Amino acid sequence: GFSLQSVMMKLIMGNANRKWEKNPYYFDHKDAVAVQDAYWEKYKFNTTLLELEPQETKALLKQCRSKGVSVGSAVITAFIAAHEDIVGPFVKNQKQLWVPFDMRRHATTPIGDVFGLCIGAPSFSYTYNAKKPFWENAAVLHKEIHKRVSKLDSHTMETPNSHPTFMDALSSFALLKEVVPEAYTKTENLKRYFQDEKNITFSFAKRSRSMVPGSIPSNLGPLDIPETYGDLQIDKMIFFPVISDSVPLNLGGVSIGDKMVFSLSYPEQRDKGNFMTSEMVQIRNMALEYLGFPDKASEKAIV
């Protein structure tokens, strides 16, 4: 069907492609390594886990069913509420969520015995209402999520005809200009690109930063796979989504054998010690309290 948003995106990308092709940049391996090395010299990967044992998972599932919400919706709401308690409310542009979901559920023909990943991520506004009970907030979020993923929005399937070198420059280089500016002195190509302040990729990068949500909950749910492989017994599984220094809550959830784990992953600045980890541990502990497990609080990020 007709999608005004899709039409607008095609017009925007058509204009961007024309501007890019007048003054393109072609990056090589040295450019990519310079940016990646600079990033990992400045940051390290960290994560804080929320883990529930089988009996705890079952207790939470029972509670969620009685409240008419899914476990995923409850956990997401708990982390958002905890973030507001520990850090404060999200800034205006981050009072929204991107909720990844499996687009294969909308397939009109059988998928068959294949392995693949095809996700959509509707974006919508959500603000935790501290004046209302936690479970009431969870019900509001649950209803909104399921309304969004139950009906496919056609524009998510239409990829604009973006020039591949434009997308390479935007995703791999323009978005990191403000994060690791020191990297752009490492090669002559990066220097020229960095000094070209009117380049169309930089305006796109600036615009995209204002669209970043406060939360991206990626929940794989319970995995329907064997727990035993010969002498190997799977105790638990952990899903780490891509980290982002601009998304405050980046959650990855997965469970196997009724043992549920949610990871809260983030980049930690090396010169600031474990400041982010301390904050994330407090958020995790507060989320556990909202979910009904205050005794599981710990000063450790991974327990």
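Residues are numbered from 1 along each chain as its sequence is written. In this predicted model, local features need pLDDT of at least 70, and side-chain atom pairs count only at pLDDT 80 or more.

**Exercise 1.** Find how helices H4 and H5 are oriented to each other: roughly parallel, roughly antiparallel, roughly perpendicular or oblique.

*Solution.* 
1. Locate the helices, which are DSSP runs (H or I, at least four residues) numbered from the N terminus. H4 covers residues 71-86 and H5 covers residues 134-150.
2. Take the angle, which runs from 0 to 180 degrees between N-to-C directions of axes fitted to C-alpha atoms over the stretch in contact. For H4 and H5 it is about 120 degrees, and the axes lie 9 Å apart.
3. Apply the cut-offs: under 35 degrees is roughly parallel, over 145 roughly antiparallel, 65 to 115 roughly perpendicular, the rest oblique. H4 and H5 are therefore oblique.

**Exercise 2.** Classify the aromatic pairs Tyr39 with Tyr43 and Phe166 with Phe204.

*Solution.* 
1. Recall the rule: ring centres of Phe, Tyr or Trp (its six-membered ring) lie within 6.5 Å; planes under 30 degrees apart are stacked, over 60 edge-to-face, the rest tilted.
2. Tyr39 and Tyr43 are 4.7 Å apart centre to centre, with 25 degrees between the planes: stacked.
3. Check burial (buried is under 20% relative accessible area, exposed over 50%, partly exposed in between; 1.4 Å probe, protein chains only). Tyr39 has 9% and is buried. Tyr43 has 7% and is buried.
4. Phe166 and Phe204 show 5.3 Å and 85 degrees: edge-to-face. Phe166 sits in H6 and Phe204 in H8, 38 residues apart. Both are buried.

Note on methods:
Side-chain values use heavy atoms; hydrogens and water are left out. Helices (H or I, at least four residues) and strands (E, at least two) are DSSP runs, numbered from the N terminus.
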